[in-house]
Amino acid sequence: MIFKLVGLSAFVGVLSLCAAYKITPNVIDGVPSILNITTEPFIKIGTGYYFIQTKLPQNWHAAFESCRQMEAVLIAFESLEEMEMIWKHLSAMNPVRPFWTAGTDFAEQDKHVWFSNGQPVPSILWREGEPNNFENNEHCDNIYVTQGFGLNDDECAKLFYYVCKAPQPKTASFIVW
Ligand code: BGC
Ligand code: CA
């Protein structure tokens, strides 16, 4: 990355020496569709890019690793709106299993945080009556769209689907004139 930036700066430097060009840098969120660049296997939902695994159910730890192998993370909902949007999308797929999220209370019992970013799981996101740490053995959080809206803590060893979220892509360009 650094080398690419050095290369780009050198190119821009040489260009500016050759003629009195004005160079205007431009960085935008997302991938403009005009570029025809694929984001597969990530799909765009709202402004984010997500990978939805419904073929190979995995336990929570394996799901976490699978997302990291793709340079992504298990989903950590940043807002109620984001969770509602993803919920709607997943519902339309009629999935037969829940989806793992990044939520866990590994570090401190009953204190659920997104393991992908360390932030607390907002209390507004829980399904009524959850988290209940059923049979004192539930430390990983999922959503199950065929049940009521909200997160549920569950057994980490269960084989569920999962959703990964990619880092927000940026498109950088510069205009030379
Ligand atoms: C409970 C959940 C629990 C799940 C385990 C449900 O009936 O409401 O809290 O996580 O069973 O399978
Ligand atoms: Ca539970």
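**Figure 1. Strand E5 is largely enclosed by the rest of the structure, because 6 of its 6 residues are buried.** The model shown here and in the other views is predicted. Burial in this legend means under 20% relative accessible area. Phenylalanine 99, in strand E5 (residues 99-104), has a relative accessibility of 0% and therefore counts as buried.

**Figure 2. Strand E5 pairs with E7 in the antiparallel sense and with E9 in the parallel sense.** The pairing of E5 with E7 runs over 3 bridges, and that of E5 with E9 over 2 bridges. Tryptophan 100 takes part on both sides: its bridge partner in E7 is asparagine 142, and its bridge partner in E9 is tyrosine 162.

**Figure 3. Strand E6 (residues 113-114) pairs with E5 in the antiparallel sense.** This pairing comprises 2 bridges. Threonine 104 stands opposite valine 113 in E6.

**Figure 4. Phenylalanine 99 and tyrosine 161 form a tilted aromatic pair.** A pair of aromatic rings is described by the distance of the centres and the angle of the planes. For phenylalanine 99 and tyrosine 161 these are 5.6 Å centre to centre and 55 degrees between the planes. Phenylalanine 99 lies in E5 and tyrosine 161 in strand E9 (residues 160-165), so the pair ties together parts that are 62 residues apart in sequence. Tyrosine 161, at 9% relative accessibility, counts as buried. A search of the whole structure finds 10 aromatic pairs.

**Figure 5. Trp60, Phe64, Phe106 and Phe115 make up one aromatic cluster.** The view shows the side chains of these four residues, Trp60, Phe64, Phe106 and Phe115.

**Figure 6. The largest nonpolar core contains 37 residues.** In soluble globular proteins, nonpolar side chains tend to be buried together. Within this core, Leu74, Phe77 and Leu151 touch the most other members. Two or more residues each come from strand E3 (48-58), helix H2 (60-69), helix H3 (80-91), E5, strand E7 (140-143) and E9. E9 gives the largest share, 5 residues.

**Figure 7. Contacts of leucine 151, leaving out residues up to four places away in sequence.** Leucine 151 touches Phe77, Met83, Val121, Leu125 and Ile143, among others. The residues touched by leucine 151 also include Trp114 and Trp126, as well as Thr101, Arg127, Glu130 and Asn142. Of these contacts, Phe77 is, together with Leu74 and Leu151, one of the residues that touch the most other members of the largest nonpolar core.

Technical notes:
Residues are numbered from 1 along each chain as its sequence is written. Chains are lettered from A and ligands numbered from 1 in the order in which they are written. This is a predicted model: local features need pLDDT of at least 70, side-chain atom pairs count only at pLDDT 80 or more; totals for chains, interfaces and linings use all residues. Side-chain values use heavy atoms; hydrogens and water are left out. Rings of Phe, Tyr and Trp (its six-membered ring) pair if their centres lie within 6.5 Å; planes under 30 degrees apart count as stacked, over 60 as edge-to-face and the rest as tilted. Helices (H or I, at least four residues) and strands (E, at least two) are DSSP runs, numbered from the N terminus. Buried means under 20% relative accessible area, exposed over 50%, partly exposed in between (1.4 Å probe, protein chains only). A nonpolar core is a set of buried Ala, Val, Leu, Ile, Met, Phe, Trp, Tyr and Cys residues joined through side-chain atoms within 4.5 Å. Contact means heavy atoms within 4.5 Å. Two strands pair if DSSP finds at least two bridges between them.
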